[in-house]
Amino acid sequence: MSLAIELAYLIASILFVLGIKMLNKTQSARKGNRISALGMFIAILATMVQIDAISLVEIFACIVLGSAIGLYYANKVEMTKMPEMVAIFNGFGGLASFSVALSDYFLRTDVNMESIELVTVISIIVSVFIGGLTFTGSLVAYLKLNGNISGSPITFKGQHPINLILFLGFLTAAVFTVIDQTDPILIIVLIAIALVLGILTVIPIGGADMPVVISLLNSYSGMAACATGFILNNNVLIVAGSLVGASGIILTQIMCKAMNRSLINVLLGGFGQTVNETQGDGPSISVKEIGVEETAMLFDGVSSVIVVPGYGMAVAQAQHVIRELMEQCEKRNIDFKFAIHPVAGRMPGHMNVLLAEANISYDKLIEMESINDEFPNTDLVLIVGANDVVNPAARNNPQSPIYGMPILNADKARTVIVSKRSMGKGYAGVENELFGYPNCLMLFGDAKQTITKIVSEMKEM
């Protein structure tokens, strides 16, 4: 039986690796997700046959309940709320590891009243720290994304010294926990500090940095699961946690590069504080507005189009009508592509998910590095709800909070049309210089409604 279980864990681990590998490409992402799910199913079955403390009926009831809740919210959630859902999932992952570590600690100390193995007690401490921090940090990220608390940085005097003192306090309590493992007061101190640190390290994060936060918290949840694997002496949990933790860190590095931030900046917390400025010292931006009919005529007369999607597209649910626009352009033999910025939206891959939902071919979605050189030779760029990721201030204005951030070179196209509800600023809270450029035209209104009208006009041409 032991050999069969280890073989099942090995197969599950291989499926995890293959699944994550397939997630690297949009064409194979769905298949990779199914393969990873199959691996998890095998791992769960192999674990269930080893449990004798509770009955299989109780385990099955929990699986059914959890699956029902997951299916309900997965079907109910809107695409615009997907970042919040990912954030809360990260939090639940951290909470699960946190809870397992605590239950294992109290079970061992209450039953045996003797010292726990050094590796196990260190794993418990690590799992409590990372799991607790991930849980409360993810809750704060969820509330920020959901608008329940301000998305702007929340800071106060002495914030970083307080964080450092709390961290040193956790290390001190951890050392005493290793020395005296049966003192429940010490573990309660560890719990409290971990939960408070999770809040304090995420509340000062604001602006356009939320994709980095989500990917980092995802990595944290994986590391917490890995530590829990050592507690339970479960190899497949160690492998799965390591994969999630490593892939999350890699994604965090990609996000940091896209946001022009260092990884150490992220790990220390308190990054991404935007400057609340009106930029009123410079000249006011004078914009040129365009109507639906003129926009349709422009589309009808070009040979190449690049669409830059952003969070506004998600809010307007405009991805399906954009697909109709693409179909009308392709009937006219117009080259039609999508430029995807790594941090467009509120989480990594947000725009890819939205466009895939509208059955837009994966080969139409071009990453920033591959498409930036094409903008100068493009007749028309349509920006739908994107703001900070196309703001030339990132290249031109050293005083801007987003200076140095890699952006899509949409401003270099022959003509740029920006679909926006109003002249509101982006998530970073800075004014977009592009709106005043001579080649930029503003198409005001709800993106779904205005693009629907454009499509109707083109059909009549």
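**Reading exposure, phi and helix packing**

Modeller: Asn-359 counts as exposed, at 63% relative accessibility. Exposed means over 50% relative accessible area, buried under 20%, and partly exposed in between (1.4 Å probe, protein chains only). The model is predicted, so local features need pLDDT of at least 70 and side-chain atom pairs count only at pLDDT 80 or more, while totals for chains, interfaces and linings use all residues. Residues are numbered from 1 along each chain as its sequence is written, and side-chain values use heavy atoms, with hydrogens and water left out.

Colleague: Where does Asn-359 lie, and what is its phi?

Modeller: Most residues other than glycine have a negative phi. Asn-359 has a positive phi of about 60°, and its place is the loop between α14 (350–357) and β3 (365–367). Helices (H or I, at least four residues) and strands (E, at least two) are DSSP runs, numbered from the N terminus. Gln-317 also has a positive phi, near 55°; this residue lies in the loop between α12 (311–316) and α13 (319–331) and is partly exposed at 28% relative accessibility.

Colleague: How is the packing of α5 with α7 described, and at what angle do the axes cross?

Modeller: Two packed helices are described by the angle and the distance between their axes. The axes of α5 (residues 118–146) and α7 (residues 184–202) cross at roughly 35° and come within 7 Å. Axes are lines fitted to C-alpha atoms, for helices over the stretch in contact, and angles run from 0 to 180 degrees between N-to-C directions.

Colleague: Which residues make that contact?

Modeller: Contact means heavy atoms within 4.5 Å. Among the residues involved are Ile-125, Phe-129, Gly-132 and Lys-144 of α5, and Leu-190, Ala-194, Gly-198 and Val-202 of α7. The buried residues of α7 include Leu-190, Ala-194, Leu-197, Gly-198, Leu-200 and Thr-201.

Colleague: Which residues does Asn-163 touch?

Modeller: Not counting residues up to four places away in sequence, Asn-163 touches Leu-197, Leu-200 and Thr-201. Asn-163 belongs to helix α6 (residues 159–179) and counts as buried because its relative accessible area is 10%.

Colleague: Is Ser-304 buried or exposed?

Modeller: Ser-304 is buried, because its relative accessibility is 12%. Its place is in strand β1 (residues 304–309). Leaving aside neighbours within four places in sequence, Ser-304 is in contact with Ile-334, Asp-335, Asn-377, Thr-378, Asp-379 and Leu-380. The backbone nitrogen of Asp-379 lies 3.0 Å from a polar atom of the Ser-304 side chain.

Methods:
Polar contact = N/O pair within 3.5 Å; in protein donor to acceptor, adjacent residues only side chain to side chain.
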